[in-house]
Each structure stands twice: as C-alpha cells, then as structure tokens.
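Dear colleague,

Please find the structure below, followed by a short account of what was found in it.

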Amino acid sequence: MEPRDFIREIIRKDLADGTTSKVVTRFPPEPNGYLHIGHAKSIFLNFGIAEEFDGACNLRFDDTNPAKEEQEFIDAIEADVRWMGFTWAGAPKHASDYFDTLYTWAENLIENGKAYVDDLTADEIREYRGTLTKPGRNSPYRDRTADENLDLFRRMKAGEFADGAKVLRAKIDMASGNINMRDPVIYRIVKKPHPRTGDTWCIYPTYDFAHGQSDAIEGVTHSLCTLEFEDHRPLYDWLVENLPTPARPRQYEFAKLNLSYAVLSKRRLTQLVKDGHVDGWDDPRMLTLSGLRRRGIPAVAVRDFVSRLGVTKSDSVVDPALLDHCVREYLNKVAERRMAVIHPLKVVIENYPEGETEMLDAVNNPEDDAAGTRQVPFGRELYIEHDDFMEDPPKKFFRLGPGREVRLRWAYFLTCNEVIKNDAGDVIELRCTYNPETKGGDAPDGRKVKGVLHWVSSAHAIDAEVRLYEHLFVDPAPGKDRDFIEALNPDSRSVLENCKLEPSLADWPVGEALQFERLGYFAPDPDSTAAKPVFNRTMTLRDTWAKIQAKTS
RNA sequence: UGGGGCGUGGCGAAGUGGUCUAACGCACCGGUUUUUGGUAUCGGCACUCCUAGGUUCGAAUCCUAGCGCCCCAGCCA
C-alpha cells in the first residue's frame, strides 16, 4: 500500500510539473543527545521518501552550537540511523562543513545593507524586540554603514570581542507580527572548541542562518521539519532569496510524534540521564533508539510502528499500545520459544523415579515450522511459576490447585496432591504425581485439560536475573499537572534474581529477543556474563487472565 | 490584544460537494479455535464529522460567524 500524505502529494505534484527532477531530503539531527522514537518518525519519512521516489537522503548534523554538541552524540546518531536500516547518501554531512560559505554569505548580506553588527546586550535585544502583541524598536546600531559593519564582523571573527559582546543581525522588520523576522541574530560569538572545526571559529551561525542554506548547498528539494518551525519559514525563504544560494529548497512542516506515558523532548531526556533517574541514554526504559534496541525491540518493529503514524499537521498523541502491538506482531512470527520460570515454585513429582532424567521434544516456534524442535530435560523436581498455583482458586482459574490436574507443556499431566508451607504460611513446595501415559502432553483417553503450565527442571536450570519494565511515567501526559520528574513510575523496573531458565538458553545472543512461553518476549542484556545471564523483558504477551482478574477485583 | 497552525469515534487517521445511514489500524467488548488464558479467526464499537447559521436537489467536504487547542518574545535547534 503506497503511503499517502500531504507531503508526498506535494512531491508527486512537483515531480509531475517539473518543479523537481530528483527528490533530495535530509535528516538533520543536532548532536546534543541521542535519537529517540520521535526521530524514528522523521528518519522514516525522510529516508522513506527518498527511497520511494528514487531520490536521495542526506544525514546532516546541525552542529552550529559547540556549547551543546559532542562527538559522542555524532557517533551514536550514526549508529542509530544504521540500526534503523537506512543508508544516507555519501558521507555524513555537517552544517559545519559549510562554515566558510556561510561566512562569505554573511559578508554579502552586510555589503548589501541587509545585516548589521549590533552591540546591544542580550537583555537589551530582548527588550527592543517587543512582545507578542507590541512591535519591536530598531536598535541604535541598526544604521551603521556597510563598511563599519564589515570591519566589526571581521573583528568578531578574529576574536577581538568577548562572548556576547556583539552579534550579527539580519535587517528585516522590527515591527513584523512574526517575531522571527524582527532582525534575527544570525551570527554570535562562542569561544568554545567545536567537535569538528576545533578552534578555527569563534563565531557561529545560528540555526536559521545555517539550515536553509545548507539545504540549498546540498541540493535538498524538500526540507521536512516539525510544526514549531512553521514561523521560521518566512525567514528561511527570506535568507534563501537574499543570498546567492545555488538552489531553492522548500520547507514543509509536519507534526512530531508524541506518546502518552512518555517524555520525548531532548531537554527532558537529557535531564533524566544527567540526574540519574535512568541508567544512561540506553536504559531499556528510555524511548531512545538505543534504549529500545537494548530492550530487545527489533528495528523492523520500530519501522512498522512509525509507518503507521499519520504524517499530518495536527498535534497528536499516540497510544503506546500501538508500539506494543507492532513489537508483538513481529516477534510472534520470528521469535523462538523457550521456557523460563521467573517466580519459581518447587514441585516434586513423587511417582517419578529418583535421579532420572529424560529428554522431551518441544516446538521452537509454532508460527514457523522451519524453526524446528529442541529437547528439554525433565526430571523428578521442577520449578513452575508461583502465579500458576492457587491454594483456593477462584471460579475461572484453570491452573494448578490442590487436587487439580494440569498439563506441563510438552511433558506430562500433573496432579497436585499436597501443599507445603513455611512457618510464615507461604507456599514453598508442591508434592505432585504425573501420569506416564500422557507423555508429550496428550491424554490417551482424549480428556481435556484446560491449564497448560511452563516449567523448568531444577537439576538442569540456569540461574538468571530478569529485569521487568513498565512505562517510565504514571501520568498520561507527564509534566502537564506536575513536574514530570514527580510523575516517574517507581515500579518502572523490577529486578528478579534466581530466575530459572531451560538449559538451551545458555549463551543466547545479546539483544536478540525470544519468547519465554506464557510470559513475554525477552532479550539478553549486555550486562550478562557467562556465570549469570541477565534478560530484559522486551514486551509482555497479551494477558486475558490478567484482565479477568482485574475485572473481578 | 500580534503572527503562524490545527479541530472526523477512547487514540491515530482516510475522506478534496452525491458511491458517507463516514475506510483502515490500535484500544475496548463478545463468540470460535488452540498443548502459550499467546496466535489465528468471526462479530460489535461515530444517524455523525468543534458549534451555529447559510449556499445547494444534495455538505465532513463550499461560505459566514463563533468556540476550543497548539506554537512563537534563546546570542537553542
């Protein structure tokens, strides 16, 4: 199904009437943080359009502010875009690659009387700018001669002035209703080393003075950005029209992705990392691409998710359940099944010979015959899930209870005879019997058993740590009614020790998700060691029983 | 009270004057199947398109007037 949205409609028209011969887009992150799932939407849009229309998409870093940008972020961003499965045209580009040209164009503007050096302080500039409803006033420095401006600007470049002492401003219209047109600052003094240009420069162009021009230099035809830049479009156009740019790019704006129960702004993500509310940019609870990856979420599922989002101009908040659905839908088809018990309850099968072990066949993936089968060891002592036993089961509970019979997956029917408790009254062990006639899980008399339990042989189990995750926030719109930090979910992560895995789970590749039967999808964390595997829960399974319980209570 | 946008079911979103008693996906509700209470499958879920007028034989789609929401006053992007 071919995607249709207003941007693609514009492109089709431009291609049809000859406005555009080859579509060129760009994905333009600022290297001041890691990419998150909102960026995935933009990546998918920009790279996707380039692929669909046989065009090209550049990766271009918007690195005009050395005060905030770092090489670490540049590297991480490149890795994340690759992980998403896209290839940018040629080498990665940087706005800083064009600093020489941008500087020359600034001088052109000055020579044409369309820019001036302003000595006002930041506070004064703000005051002169006016307000949303009141027009601004001209700076007293607005009418300097071109020669004087040129001299001053060159001395700014030469490092003669301190940070903030002077700026270069475009001379447009201090009375404009659009505040971006009230003589915007286009160059400022920042005496900080730049990750790519070192200390070649001590003046840097602002976003507005770099973005459209970079688009033009690269031959970008359709420059796609988010809604908050709509007000900047007149300035984008003014600059492209008043500068000797080699091309005439056009900017189009679409609504960025918002997700409920999440926070996606770079400022807030940075705060979570810096203040230690999470364990870094790739914490599996973070909706960063590196966090999703670490949690075991496949790039295919992320792409599927963003492909289902609307590309429109209306602000929207997407239900994270849609992401969950995409992850489950994909993993259900490809993930192998294994058995693991995360809340172990000991079961002793009294009629099973002491010290004996047998190997039973288990299907690796019922959705994919090619995944084959494996052998799972079975013995007298097992672990089952504590939640799968209730001493006093309610009506609709069809798992194990005193005197009840269930099926052990791929193994035998099992009946509970006796419940053993500790002094505190907690159930700590079950004494059961199995039916040797039901090997493999089929009853010879064809009788039905409703409950099917997963299990792990205690003699063969691998001990592991399992980390469970929930939404990082408890509020649907964190930050709306209280500081977003207060909306942090205290139970967003729970760490379970002494979980029991079937032996085939040894050395499962880091990051590759599989299904723990009846529990969910899990993937080994990089923290895993040979001695102790650590699994992250990638995603739960849909849980109808949990719903029934919730409704009953 | 300046400028720029946006308003279709719980959420996202098709729809561009008649085929709209409004696609599709998610969520939700119910049935069937099932050695995962998973998957699959079947069915339900907007007399109505922010509101009010108007134009028209006919409007979610055109006009007018309201109302609501978002963004902008960084030498951030």
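**Strand pairing**

Strand E21 (residues 462-469) runs antiparallel to E22 and is joined to it by seven bridges; strands are DSSP runs of E with at least two residues, helices are runs of H or I with at least four, and both are numbered from the N terminus. Two strands count as paired if DSSP finds at least two bridges between them. Opposite valine 495 in E22 stands arginine 467. E22 (residues 493-501) also pairs with strand E11 (residues 340-341), in the antiparallel sense and over two bridges. Leucine 501 in E22 is the bridge partner of alanine 340.

This is a predicted model, in which local features need pLDDT of at least 70 and side-chain atom pairs count only at pLDDT 80 or more, while totals for chains, interfaces and linings use all residues. Residues are numbered from 1 along each chain as its sequence is written, chains are lettered from A and ligands numbered from 1 in the order in which they are written, and side-chain values use heavy atoms, with hydrogens and water left out.

**Tryptophan 545**

Tryptophan 545 lies in helix H13 (residues 544-552). With a relative accessible area of 16%, tryptophan 545 is buried (under 20%, with a 1.4 Å probe and protein chains only). Leaving aside neighbours within four places in sequence, tryptophan 545 is in contact with Pro394, Lys396, Phe397 and Arg399 (heavy atoms within 4.5 Å). Phenylalanine 398 is 147 residues from tryptophan 545 in sequence, and their C-alpha atoms are 10.0 Å apart in space.

With kind regards

Key: Buried < 20%, exposed > 50% of the residue type's maximum accessible area, 1.4 Å probe, protein only.
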